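The sequence and the structure are shown first, and the description follows.

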Amino acid sequence: MSLDNISQFLSAIDRAGELTRIKEPVKARLELCEIAERVMKQPGGGNALYFEKVILDNGGISQFPVVINLFGSMRRMSLALGVNDLDEIGERITEMLDLKVPE
């Protein structure tokens, strides 16, 4: 599967059950990071988090959502790189470095 942009990647990890959407307003200062830290310390790195309503310091809602922990699991990194296992990347690199000098 080819993932060409972040939107496609978000859709793919959402379908895979690796994305948690936070619909409740969350303060950008301290609150968002506290939630993310708890999730990222879970076994396997926890889910990626999509904060839909981020409260700014002035009390307003940011026009931009925040996504955090996108590459926090081996499964998501493999998905982003288009492999089933990260060892496949190592094998590709080994093959590229094993150059034969022409005779």
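## Helix H4 and its surface

In which helix does Glu-95 lie? Glu-95 belongs to helix H4, which covers residues 87-97. The model discussed here is a predicted one. With a relative accessibility of 62%, Glu-95 counts as exposed, because the exposed class begins over 50%.

Glu-18 is placed in the loop that runs between helix H1 (6-15) and strand E1 (19-22). Its relative accessible area is 12%, and Glu-18 is therefore buried, since the limit for that class is under 20%. The side chain of Glu-18 makes a polar contact of 3.4 Å with the side chain of Ser-73.

Glu-18 also forms a salt bridge with Arg-76, in which the closest N and O atoms are 2.6 Å apart. Because Glu-18 lies in the loop between H1 and E1 while Arg-76 lies in helix H3, the pair ties together parts that are 58 residues apart in sequence. Both Glu-18 and Arg-76 are buried.

## Other salt bridges

How many salt bridges does a search of the whole structure find? The search finds eight. One of them joins the side chains of Arg-29 and Asp-57, with an N to O distance of 2.5 Å. This pair links distant parts of the chain, 28 residues apart: Arg-29 is in the loop between E2 and H2, and Asp-57 is in the loop between strand E4 (54-55) and E5. Arg-29 and Asp-57 are both exposed.

Asp-14 and Arg-21 form a further salt bridge, and their closest N and O atoms are 3.6 Å apart. Asp-14 counts as partly exposed at 31% relative accessibility, and Arg-21 counts as partly exposed at 38%. Asp-14 and Arg-21 also take part in a network of salt bridges that includes Lys-23 and Glu-52.

## Loop residues with positive phi

Most residues other than glycine have a negative phi. Leu-30 is not a glycine, yet its phi is positive, at about 75°. Leu-30 sits in the loop between strand E2 (26-27) and H2. Its relative accessible area of 67% makes Leu-30 exposed.

Asn-69 likewise has a positive phi, near 70°, and is a residue other than glycine. The place of Asn-69 is in the loop between strand E5 (66-68) and helix H3 (74-81). Is Asn-69 buried or exposed? At 13% relative accessibility, Asn-69 counts as buried.

## Pro-43 and its distance from Asp-57

Pro-43 is located in the loop between helix H2 (31-40) and strand E3 (48-51). With a relative accessible area of 82%, Pro-43 is exposed. Pro-43 and Asp-57 are separated by 14 residues in sequence and by 32 Å in space, from C-alpha to C-alpha.

Key
Residues numbered from 1 in each chain as written. Predicted model: local features only at pLDDT ≥ 70, side-chain atom pairs only at ≥ 80, totals over all residues. Heavy atoms only, no water. Helix = DSSP H or I, 4+ residues; strand = E, 2+ residues; numbered from the N terminus. Buried < 20%, exposed > 50% of the residue type's maximum accessible area, 1.4 Å probe, protein only. Polar contact = N/O pair within 3.5 Å; in protein donor to acceptor, adjacent residues only side chain to side chain. Salt bridge = Lys/Arg side-chain N within 4 Å of Asp/Glu carboxyl O.
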